[in-house]
Amino acid sequence: TASRPDIMHSVCVCARFQSNPKESHLTAVKRILKYLRGTKNFGLWYPSGASPSLIGYSDSDYGGCKVDIKSTSGTCHLLGCSLVSWHSKKQACVALSTTEAEYIAAGNCCAQILWMKQQLEDFDIFLDHIPLKCDSTSAISLTRNPIMHSRTKHIEIRHHFIRYHIVKGDCIIEYVDTKNQLADIFTKPLARDRFYDLRRALGIIESDLRK
């Protein structure tokens, strides 16, 4: 998964059952290996001359894990047009709504943006108002509202830090339709055409096409 983001979600799901695997998990792992065997020439492409701009994408499914009904957060970050960071992880708490699940994922994406922003400053690259793309209008409204409501009291306080950094101007959360949500590949299984489109959009292409 360090060099093949396209298998990140599948590997993470299988890893949840490595302490007590079943035959169905072995079948899933074999399918991942067959996919890798057929795409040995695929890899991340980092073109030269790209502008030093940073953009983040955050997405989440809702109750995707059938065992404990927890959601999965997926984030990715592009420096210029190159994928430099990606993340797929089951959330620590059970989200009570899609808004909460998306809000938690956006907070994880914001934390990674702040870390990368600090790292870029060591190279004299200073960025502000870094776009954070989210496909949930409710989660976006929640990040922009500094008032605590009764419907959000159950959300852990540590997830609300994103509001401060949006007001401060470190990042700016923007809406993106689900079709153009690149982080969708890190949250759930996708249809073949959709998977191929996102794989290419993330810069995972065949070596022959890089020439």
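In strand β5, Lys133 is the bridge partner of Tyr57, and three bridges in total join strand β2 to β5 (residues 130-134), which run parallel. This is a predicted model, in which local features need pLDDT of at least 70 and side-chain atom pairs count only at pLDDT 80 or more, whereas totals for chains, interfaces and linings use all residues. Residues are numbered from 1 along each chain as its sequence is written, and side-chain values use heavy atoms, with hydrogens and water left out. Helices (H or I, at least four residues) and strands (E, at least two) are DSSP runs numbered from the N terminus, and two strands pair if DSSP finds at least two bridges between them.

**The sheet**

- Five strands form an open sheet in the order β4-β3-β2-β5-β6, with mixed pairing.
- Because β4 and β6 (171-175) stand at the edges, each with a single partner strand, one side of each is left without a neighbour in the sheet.
- Direction ignored, neighbouring strands of this sheet are turned by 20° against each other on average, where axes are lines fitted to C-alpha atoms, for helices over the stretch in contact, and angles run from 0 to 180 degrees between N-to-C directions.
- Strand β2 (residues 54-60) and β3 run antiparallel and are joined by seven bridges, with Leu54 standing opposite Leu79 in β3.
- Eight bridges join β3 to strand β4 (residues 82-90), again in an antiparallel arrangement, and here Leu78 stands opposite Leu83 in β4.
- β3 and β4 form a hairpin with two residues between them, and Gly80 in the turn has a positive phi of about 70°.
- Strand β3 (residues 72-79) is mostly covered, since seven of its eight residues are buried (buried means under 20% relative accessible area, exposed over 50%, and partly exposed in between, with a 1.4 Å probe and protein chains only).

**Helices against the sheet**

- Helix α3 lies across β2, β3, β4, β5 and β6, and runs at about 160° to β2, contact here meaning heavy atoms within 4.5 Å.
- Helix α4 also packs on the sheet, where α4 touches β5 and β6 and its direction makes about 150° with that of β6.
- In helix α1 (residues 8-15), the buried residues are Met8, His9 and Cys14, and these buried residues pack against α2 (23-38), β3 and β4.

**Helix α3 with its helical partners**

- Two packed helices are described by the angle between their axes and the distance between the axes.
- For α3 (residues 98-121) and α4 (residues 137-144), the axes come within 8 Å and cross at roughly 60°, which means that α3 is oblique to α4 (angles under 35 degrees count as roughly parallel, over 145 as roughly antiparallel, 65 to 115 as roughly perpendicular and the rest as oblique).
- The crossing in which α3 passes α4 is right-handed, a crossing being left-handed if the near helix is turned anticlockwise from the far one by less than a right angle, and right-handed if clockwise.
- The α3 residues Thr99, Glu102 and Tyr103 meet Ser138, Ala139, Leu142 and Thr143 of α4, and by class this contact has three nonpolar, three polar and one charged residues (Ala, Val, Leu, Ile, Met, Phe, Trp, Tyr, Cys and Pro count as nonpolar, Asp, Glu, Lys and Arg as charged, and the others, Gly among them, as polar).
- The axes of α3 and helix α5 (residues 161-168) come within 9 Å and cross at roughly 55°, and α3 and α5 are therefore oblique to each other.
- In this pair, α3 passes α5 in a left-handed crossing.
- Tyr103, Ala106, Gly107, Cys110, Ala111 and Leu114 in α3 meet Phe161, Ile162, Arg163 and His165 in α5, and the residues of this contact divide into seven nonpolar, two polar and one charged.

**Selected positions outside the sheet**

- Phe42 belongs to strand β1 (residues 42-44) and counts as buried because its relative accessibility is 19%; Phe42 and Asp208, although 166 residues apart in sequence, are 8.9 Å apart in space, C-alpha to C-alpha.
- Gly49 lies in the loop between β1 and β2 and, at 80% relative accessibility, counts as exposed; its C-alpha atom is separated by 20 Å from that of Ile130, 81 residues apart along the chain.
- Asn180 is found in the loop between β6 and α6 (192-201) and is partly exposed, with a relative accessible area of 41%; the C-alpha atoms of Asn180 and Asp197, 17 residues apart along the chain, are separated by 9.8 Å.
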